[in-house]
Amino acid sequence: MSDSAPTTSERGIAARQRRMTTRTSVKLGENIAQGVITVGGLMVIVAVLGIMVFLFRVVMPLMAGGELHGSVRYQLDTEQDVIWINGDEFQTLGVAVAAEGRVITYHIPTGTEVSRDQWDFGGAAVTAVNGTLQRDRVAFGFSNGAVRFATLGVDTATTARRNLPSGLVQIDARDRMLDGRVYTEVGTGDFRTLSSVIELGDGQQISELPIIAIDYRIGGTRERPTIAFATVDADNQVRVSQSRVQINMMTGAETVSTTTTDLPPLVGLAADATVTGILLSGTGDRAIVASDDGVVFRYDLRDMNNPSLAEVRRVGDDGVAVTAMTFLSGEETLIVGTEDGGVNAFFRLQTGTAETTDGRELVRARTHAPMPASIVDLSEAQRQKEFVAIDADGNVWVYHSTSDQVLFELERSGDVSTDSSGMIFPRSNGVMLVSQGGEVEAWQYTQRHPEVTLGVLFSKIWYEGYMEPTYVWQSTAGTDLAEPKYSLVPLIFGTFKAAFYAMIFAVPIALMAAIYTSEFVDKRVRGTVKPMMEMMESLPTVVLGFIAALVLAPLVEEWIGAVLLGFFALPMGLMIGAFAWQALPAQIALKYDGFPKFTLMGLSILITAWVAAQLGTSLERVLFYGDFKQWTTGRIGTGTPFMFLILLPLSYFVTAWSFRKQFGHHYRDLISGLDRSRAGMVDAGRWIALLLVAMVLSLLVALGLTAIGYDPRGSFIDSYQQRNALVVGFIMAFAVIPNIYTLAEDALNSVPGHLRAASLACGATPWQTARWVVLPTAASGVFSAVMMGMGRAVGETMIVVMAAGNTPIMEWNIFSGLRTLSANIAIELPEAVKDGTNYRVLFLAALTLFVMTFIINTGAELIRQRFRKRAFNL
């Protein structure tokens with residue numbers, strides 16, 4: 001029996017099965033999309049990890065230690081005690097002066113003698129020697145009380161290959177020499193030519209007694225150079241001499257005039273104590289004398305006609321001698337080495353003390369790691385805050401004073417000579433020691449970023465010229481003598497300060513706007529308002545920064561009274577509009593509940609803003625004594641007016657809360673029996689009464705705080721700067737509001753409608769429904785919106801660059817400027833030398849911003865998940 005034909009119902013079922021079967025092309029497209037999305041997500045993760053790896057690679061050398069490349073040791077044929085050494089910046093040519101006038105120029109890497117000279121000291125013995133920071137100008141003090149000056153430098157020139165003389169003698173694989181010159185081939189194919197410059201000047205009689213200590217400085221201009229030197233003779237008489245040299249530009253003739261001033265005696269110097277050294281500042285305004293009883297004497301030489309012994313300062317324990325001292329570059333830091341191995345840094349600060357004649361005093365700023373034995377020599381670097389110290393046991397340590405670290409503990413080879421003197425090469429990449437017997441030992445090393453440590457970056461550091469340790473960012477200065485300061489703390493503080501003030505303005509406005517358009521306005525109004533808010537996000541931040549810097553900042557400065565009044569006038573305008581709407585009859589309110597209501601609120605706000613603008617000058621005259629900017633400096637008035645304004649919102653909330661607790665149920669019973677318009681009028685009266693009570697309460701509290709001596713000026717209120725955090729907060733809030741508003745409004749609208757309906761069915765008002773049902777349900781989305789806005793504020797660059805003043809200071813003053821991490825990177829990175837310290841610190845700033853964002857987002861996600869679980873249980 002054959003199968004019967006399929007029935008109509010069977011054919012329908014088969015057709016529906018065919019229609020429900022997914023086509024192959026759809027499956028293929030889905031698989032492709034899934035693969036593309038997966039690969040894209042992985043690529044994003046890889047890109048983020050790549051950025052992190054790149055940042056770490058750039059930053060890690062900051063924390064790397066120095067690298068020692070090697071050392072050499074050899075003996076010079078001086079046959080006399082070596083008293084002074086110098087070397088060029090390329091570590092090629094060295095010059096050594098012996099006690100009886102022999103001068104030897106030698107090749108530093110090998111010790112090969114290049115030239116030999118002999119000075120005639122006239123039979124006098126050298127009893128003191130010292131020189132300038134560059135070590136190329138030297139002063140000698142003699143046993144007969146005379147002083148002579150010498151030039152002991154290295155001249156650098158370039159010789160083309162075609163002009164290279166014949167007969168060059170190969171010294172090593174790199175250098176050749178001929179006739180007292182050393183030739184080194186450079187990358188261009190030409191030769192760097194080095195030769196010593198050795199000149200001995202005429203003598204000047206300073207004392208009848210031997211000179212036991214001397215220092216030497218050169219200043220002035222090329223046409224009128226000045227020579228200043230200080231001496232101490234065997235009778236402990238301190239003298240300062242100044243020589244002015246006038247050069248005739250036509251004939252080249254020099255005219256030298258010298259004046260010598262005897263300084264006051266070393267009052268307080270023990271009878272059996274002796275002077276161990278003297279230092280003279282480059283400007284000639286002070287001299288410092290050290291003794292072997294642990295005391296230093298500071299002279300004030302600003303008035304050479306009336307010099308004074310300004311200060312006697314004990315820098316060591318009783319009986320512990322000062323055995324060496326030196327200025328660091330810039331001559332603001334005094335390094336003192338003592339007999340017990342101590343190494344300390346002192347600043348001369350204007351403390352206003354009555355114990356010194358000039359109100360200044362030497363303050364111990366740093367106590368460096370002590371050496372094992374007595375310090376016998378200190379020598380400073382020419383370009384950085386480094387110095388090398390040598391102790392009596394022959395230890396050689398290289399310090400960096402600002403970062404307070406020992407960069408190298410150099411190990412000496414062979415027999416250790418304890419009577420050595422040393423120097424740091426001009427590029428701070430090596431140290432050379434020469435013993436009195438002529439034994440030379442030199443090290444070459446690399447320490448690319450000695451001024452940076454974790455402590456420098458994130459801790460308080462006591463810098464030259466500051467009264468105490470502090471956080472400072474100052475990567476460049478007007479002079480090379482100023483040291484760079486790389487604290488990231490002011491930049492991190494500025495980042496949070498800008499974000500804080502921006503979020504204060506942005507979050508209330510954005511969230512209230514989101515709640516308003518989501519819960520209270522007509523759909524047609526929402527359809528107009530939301531796209532307009534989203535269009536605000538398309539404005540370039542550089543345009544906003546331009547407007548803030550050139551338009552808003554001057555406007556706020558001129559109308560500061562109106563701006564302050566606007567903080568209160570705008571909310572009051574909104575409240576007045578709301579109460580006016582409540583006073584309308586119910587049928588009218590329902591009929592026009594939509595765009596007319598929205599228009600009424602806008603007009604109310606605009607009217608109150610106009611009133612605030614008109615009353616701004618009067619407010620400034622009444623509350624701030626007619627000049628707000630002068631008031632912020634504390635020169636006029638008290639802190640009462642501003643405290644009144646600050647405390648007014650808090651006072652209102654306290655008053656309203658107290659009223660609700662005490663009379664809330666009675667008040668609800670009262671208005672429940674009234675019609676809508678009358679209830680609105682009664683509620684408006686209640687609001688006005690509460691506002692007046694709050695104003696009285698705020699004024700009383702402000703007066704009480706003033707009575708006990710509290711003044712907000714000097715803390716979060718201080719001197720007014722045109723480009724300040726207030727302006728930044730305004731304009732950054734304008735940039736952040738669209739982000740927060742859009743995301744928060746979407747989150748509120750995603751709350752299921754049946755939750756609203758259930759709340760309203762239980763008798764709740766729309767505001768109660770929004771507050772107690774909708775907002776808690778959408779809390780995770782709203783919180784995410786706020787955190788997204790904060791992320792935008794933290795990373796904002798152009799607005800801060802143009803409107804914040806770019807001052808890396810740490811104060812909460814809303815009227816002062818700031819500098820953020822992102823703005824600092826944008827400003828300084830284009831000018832930073834690749835792989836230099838500033839370059840790498842800027843990348844560290846970027847990494848810090850990356851880590852901050854990661855921590856904030858991680859914490860925000862944890863909180864969001866908690867909100868989400870709570871909303872799930874509703």
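Two strands are regarded as paired if DSSP finds at least two bridges between them; strands (E, at least two residues) and helices (H or I, at least four) are DSSP runs, numbered from the N terminus. The structure is a predicted model, in which local features need pLDDT of at least 70 and side-chain atom pairs count only at pLDDT 80 or more, whereas totals for chains, interfaces and linings use all residues. Residues are numbered from 1 along each chain as its sequence is written, and side-chain values use heavy atoms, with hydrogens and water left out.

By these criteria, an open sheet is formed by 7 strands with antiparallel pairing, in the order E6-E7-E8-E12-E11-E10-E9. Strand E9 runs antiparallel to strand E10 (residues 175-178), to which 2 bridges join it. Within this pairing, Gln-170 lies opposite Arg-176 of E10.

Strand E26 (residues 386-391) is paired with strand E27 (residues 396-400) in the antiparallel sense through 5 bridges; Val-388 has Val-398 in E27 as its bridge partner.

A nonpolar core is a set of buried Ala, Val, Leu, Ile, Met, Phe, Trp, Tyr and Cys residues joined through side-chain atoms within 4.5 Å, where buried means under 20% relative accessible area (1.4 Å probe, protein chains only), exposed over 50%, and partly exposed in between. The largest such core comprises 100 residues, and those with the most contacts inside it are Leu-488, Phe-628, Ile-740 and Phe-815. Helix H13 (residues 725-749) gives the most to this core, contributing 15 residues. A second, separate core of 21 residues includes Val-232, Ala-273, Tyr-299 and Leu-309.

Ser-698 is located in helix H12 (residues 676-707) and counts as buried because its relative accessibility is 0%. Its side chain reaches the backbone oxygen of Phe-644 at 2.6 Å. Beyond residues up to four places away in sequence, Ser-698 touches Met-643, Phe-644, Leu-647, Leu-648 and Ser-651, contact being defined by heavy atoms within 4.5 Å.

Technical notes: Polar contact = N/O pair within 3.5 Å; in protein donor to acceptor, adjacent residues only side chain to side chain.
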